[in-house]
Amino acid sequence: MTGMLSALLLRLSEAGAPALLWGRQAAPHFGRAFDRLLARGILIEHAPATEWELCPTCECGLEARPIRKIDGRHIAACPLDRGGDIVLDDDDLRSFRIEPAALVREIAAVSGFGAAPSEVAPGVWHLGMSATRTVFLAISEAALAQPGLIATLRMVERSAPITVIAPTPPASERTRFAEAEILHVDVGACIGEDFVLDHARLEPPHAFAPRLVIGRAARSVMLDGVPKLLSEQAFKLLVLLAEQALKSPAIVENRVIESHLWGSSIHRITSEPREPVRALRDALVGNSADSRAVRSLVENRRNPNGYRLVLTPEEIELKP
Ligand SMILES: [Zn+2]
């Protein structure tokens, strides 16, 4: 049950402060572990609620309806319609504020970080070193999205590689962190029961070397360790597909390929990506043993019509 409680508190914290835990959500978790969170100031109990939200479509004109005690029961009474009355129990009236700083202190303490975490930007804490990386933690989505955060992290840690634990941001944000060589790890993926961090998750996956390595400046392409010779157009197309495959969805529509290769203003009768795609497949095959498998790396897609590079982001390295 406590594992679920830590996940619940972290999820509620993603929307930013103040994060509230209502008594009804909390009730299944009441017990020693819950009391410990209260004692450590991670949860702070509010005074029992005296008002309740209106009925969903109420036209009573109130901001909130008062909670009355009638015959020993708490009733959130609708002034217009008794059918809208809600009967509440004692737990319903309870609520707890989640204290982000205390929560982060707890995560650091139970996860073996010696020093207390320091807040380096609003809502972003420096936890310390894991095996090989300096670790930062942001428990709200807004904290990770704040402008200038990457520069701030780099000022705190100038040399060692960086891992940021945070709620998973949109794909565009993830790309910005990847380009800055900062590893993002989702909060839920690495913080488990009783707020203990799984340190193994803070290291980048080294299971395999990237299959496709593209050097933009050098115009070099390496596939499965074999250098490939590409025409200027095929190279341009491959970079476009690779950039998109690093985001999601990986598919690049025909019209995007057309305007990328020929510009949007040029109307060409032959402006179909089919030819350039065939040339790219030919070039990638080069002297590969399994030409069929290599050709299928550039996959035809329908609805929308386009093409997709069949490689995961981890299998692609796009160098400047
Ligand atoms: Zn009402």
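Predicted model: local features only at pLDDT ≥ 70, side-chain atom pairs only at ≥ 80, totals over all residues.
Let's start with the layout.

Next, the zinc ion. Which residues are its protein donors? Cys55, Cys58 and Cys78, each through SG, at 2.1 to 2.2 Å. Along the sequence, the donor spacing reads C-x2-C-x19-C. Now look at the accessibility of two of these donors. Cys55 is buried, at 16% relative accessibility. Cys58 has 22%, so it counts as partly exposed.

On to the salt bridges. The count is 15. Take Asp92 and Arg24. Their side chains form a salt bridge, 2.7 Å from N to O. The two residues are 68 apart in the chain, with Asp92 in helix α4 (residues 90–93) and Arg24 in helix α2 (residues 23–26). Arg24 is exposed, at 57%.

Another pair is Glu99 with Arg97, whose closest N and O atoms are 3.0 Å apart. Glu99 is partly exposed at 23%, and Arg97 is partly exposed at 28%.

Then there is Asp198 with Arg201, a salt bridge of 3.6 Å, N to O. Asp198 is partly exposed at 35%. Arg201 is partly exposed too, at 47%. Elsewhere, shared partners tie Arg36, Arg40 and Glu106 into one salt-bridge network.

Methods
Residues numbered from 1 in each chain as written. Heavy atoms only, no water. Donors = N, O, S within 2.8 Å, 3.2 Å for Na, K, Ca; no water. Buried < 20%, exposed > 50% of the residue type's maximum accessible area, 1.4 Å probe, protein only. Salt bridge = Lys/Arg side-chain N within 4 Å of Asp/Glu carboxyl O. Helix = DSSP H or I, 4+ residues; strand = E, 2+ residues; numbered from the N terminus.
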